[in-house]
Structure formats: C-alpha cells, structure tokens
Amino acid sequence: MILSAALMHGLGHQPGAWRVRGGPATDYVSPDMYAAIARKAEEGKLHVLFLAEQITNQEVGAQRPCGAMDTASVLSYMAAVTSRIGLVGTASTTYNQPYDLARRFATLDHLSKGRAGWNCVTTAHAVAAQMFGTGSHPEAPQRYSRADEFLDVVIKLWESWEPDALVGDKTNNVFADPAKIHAINHAGENFSVRGPLPFPRSRQGRPLIFHAGSSPTGRDQAAKFADVVFTAQHTTEGAKAFRTDLRRRAQAHGRHPDSIKILPGMNVVLGETVQEAQRKKAALDGAQTLDQLLATMARICGVPPALLRDHLDRPFPVAEFPPDAELKNGVGWRKSIIDLATEENLTTREVLTRAPSSHHHIVGTAADVADAMGERLAAQAADGFTMMVDMLPDGVNDIVDLLVPELQRRGLFHKEYSHRYLRDMLGLEAGTPQEARYDTRVPA
C-alpha cells in the first residue's frame, strides 16, 4: 500500500491536540519540529509527508493553531534533511497565481531531487477574501472554473522546457536550445500567461498533482488532472464507490485507471493497548468544549449549531441539512459523516465522538488499524491511506514505531524505498522522457 502522513492544523488533526501534547504552542512554527518529523517519517519508509495549508486561523476559529506557514517553504526545509520521502504541499488555486505557484513547486521538485507534489485545492472559506483584498469570495462554480484553467496553465509551464532543452555546451557557448524552450502564450477567461518557466524540468518531469475534490465537479477535475486523490470516506462501501467512480472518470478522459491513485484519509489514535489508545482519545476529546465540537460539526454540515444541540441525544438530523448545492464547504466531507451516521443510526452526540472529523476514525492498536486497512485494500476501496496525524510529533512516532512494523509483518507495506522519485515510488506512469537520463533505482 501507499502510506502518506498528513500534518494538519499546525499541531495535529485533532482540534485539541495543542493542549494535550507535550511542548509549547510555538512548536507549530518550529523548524526543529518539522525536521524531526521528516526524519522520523523517512525512517518509517512512509511514501509521502502531506502538509496541509489553512491560509488563516479564522477559517475554523481561533481556538487552535490551524493557520499554517507556507507549505513549499516548510517542505524545502524538510527536503534538506531527507533523501527519499515524498513531500506534498497544499496551495489554493483561488488565492494564488499560476506562474508563481508553478515556479514555487517546480523549485521544490528540483531542491528535493524529484520528490515534490502539489495538492491543488479551491478555497471554500470566504474569510480568505478579506486577507487578500479580492472583494467577494467566488462561489463554487467560479472557483472550479478558475481551478480548471489554473491547472492547465501550471502544467503547460512545467512542460515549457523540453526534456533535453538544457545543453550546457561550454565549448560552443550554448547554454540551452531556444528551439526547445516554449512560451505557452495562454490567454483564457481568468489568466493570460506568456511563460516559459525560467528553469528546466525536474528529474521526475514535473511535481505530482494531488487533489481532494469530492463533488461531481471536483471528481471530474481530479480525474482529468490528478495523479493522487485524497478523500474522506467513513465506510468501506463509500470508499469503494468513490475509487471506482474516479477510475471510470479517468478512463473517460483517456487515461489508464491505474494512473490515478486513491488515498482515503484515516484518522487514527494509536496505543500499544486499546486502553492506552482510549486514554489518548479521551484526553483529546476533553480538550474541547461541547460548544466547540458542535460548532465544528455544524460548519461541516452547513447548519447552525443550535440544530445539532437540539438533536444531541436524538438521531443525527440529516433530513434537515441544506442540499449540496447550498453547501459552502466541501460536499465530500459532509457526505462521509452522513454515510456513517445513517449506516449506524447514530445520535448527534455519538457522531461527535465517532466522527470528530470527516475521515474514518479508529481508536485502538496497530493491529486494529491494520485490520481496517486490509479490509479496504481487499475490497479495492483504496490504493493506500492518508494518515490524519492526531497530534504532532507524537502521532508520527506512533505510526512509525507501532503501525509500520505491523503492516510490514503482514506484507502490506514495503521495507525499503525502491525508487528515487515520487512518481516512480507511487507506481504512476512515467512523467517525461527526461527520466531516461537518470538512474531511478536506489543504489545498493
């Protein structure tokens, strides 16, 4: 399986992580913490470190360090202390420009020697418009239309140098072949970009594109552009249906279905025993008030917190939720929770405990998590998993020290890195003929 670890919300995916973990709150801007996490994740042979980005703390409230530093900058720092693990960062198509973003992530790909990826997102939170001074926040159709064109421009820029354009012939004074460096001359509804980039392609051809779209429009965009899709799926049936649909859509765009990998999120709290995991879970749950938990769930579901409070010990009020078309946040996140609540007939209070986020939630030992992973792999519901790390850096240590050995014992996870470049490591189609110029095998 492919295994990715997601570093979320500054100090952990669980909202109360910053209060429970050891270490000061300032750790979420600490270079030492990020370096230690990167080294530990590579020690465990994880395929990817996935760094999320929240542009402002106000996106989810100010009660936790959810705003993040620039992902490409942090990942460049991590690249300097690692040599094999993939490094993927989130950046918005709503509040960036394609030339700048293409240059930023292509730079990361060069500095990491072919291990970089960009997680493409459209920003759903309207408060971001106030930070960038862009006026009103665009609605979902406009955001996706811009993102479609944005992706097209970025890929053109990444491919604006042919693989052998850089000559470096000192004798004949030929630095690069101008016939093999191309202005893209893009003129569209949202962008006019001449190009090209100011430097050649990276060793793996270009950075990988990750995507998290779960609405019909988002799925189709992912099927057209993405190498890897990150999704929230609480149930095995939902995960299988999602993977089947994405592979079908990719094929409709002329792609081989194996050229897109699906990595559902898995929100785990690990312990050496079930009791230890449950104690960690209780501490994390207790770090937030009921009002905070209700506010977070209400935001995901697109309803006022009072509605959920009124149904606290009654069935989760799915019938009173607004339709997908009126939802400001991600459609897929809400659907994942609704699927779980409906399948198990949960009350709102039970949902707050069982689904503290939109991702499949497991509290237990490494064997419990490995059982769940094995079930989904056998059902062809995933190509691997994105571990939503509960708190940093402890959760990464637990994954490496507890979960990875269990997966290796079962033959579900590799014991050594097999390739130099992220594209090859994930079993994706070759990016460009430039790869033939480099030895992609790890030396003995």
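Trp158 is found in helix 6, which spans residues 140-158; helices here are DSSP runs of H or I with at least four residues, strands are E runs of at least two, and both are numbered from the N terminus. The model is a predicted one, so local features need pLDDT of at least 70 and side-chain atom pairs count only at pLDDT 80 or more, while totals for chains, interfaces and linings use all residues. Residues are numbered from 1 along each chain as its sequence is written, and side-chain values use heavy atoms, with hydrogens and water left out.

Back to the tryptophan. Trp158 has a relative accessibility of 3% and therefore counts as buried (under 20% relative accessible area is buried, over 50% exposed and in between partly exposed, using a 1.4 Å probe and protein chains only). Leaving aside residues up to four places away in sequence, Trp158 touches Ala102, Phe105, Ala106, Trp118, Leu197, Arg201, Gly205, Arg206, Pro207 and Ile209, where contact means heavy atoms within 4.5 Å. Pro200 sits 42 residues from Trp158 along the chain, yet their C-alpha atoms are separated by 8.2 Å.

Helix 3 (residues 71-79) and helix 4 (residues 98-111) have axes that come within 10 Å and cross at roughly 5°; axes are lines fitted to C-alpha atoms, for helices over the stretch in contact, and angles run from 0 to 180 degrees between N-to-C directions. That angle makes helix 3 roughly parallel to helix 4 (under 35 degrees is roughly parallel, over 145 roughly antiparallel, 65 to 115 roughly perpendicular and the rest oblique). On the helix 3 side are Thr71, Ala72, Leu75, Ser76 and Ala79, and they meet Arg104, Phe105, Leu108 and Leu111 of helix 4. Sorted by class, this contact between helix 3 and helix 4 has six nonpolar, two polar and one charged residues; Ala, Val, Leu, Ile, Met, Phe, Trp, Tyr, Cys and Pro count as nonpolar, Asp, Glu, Lys and Arg as charged, and the others, Gly among them, as polar.

The class count for helix 2 with helix 15 is four nonpolar, one polar and three charged residues.

Most residues other than glycine have a negative phi, and most peptide bonds are trans. A cis bond, with omega about 0°, joins Leu392 and Pro393, and Pro393 lies in the loop between strand 13 (384-389) and helix 15. Gly195 and Pro196 are also joined by a cis peptide bond, with Pro196 in the loop between strand 8 (192-193) and strand 9 (208-211). As for phi, Lys45 has a positive value near 65° and belongs to the loop between helix 2 and strand 2 (48-51). Asn185 has a positive phi as well, near 45°, in the loop between strand 6 (174-176) and strand 7 (186-187). With 55% relative accessibility, Asn185 counts as exposed.

Finally, confidence. Mean pLDDT for the protein is 90, and 93% of its residues reach 70 or more; pLDDT is the predictor's confidence in each residue, from 0 to 100. Over residues 430-444 the pLDDT is below 50, and this stretch has 37 contacts in the model beyond near neighbours in sequence.
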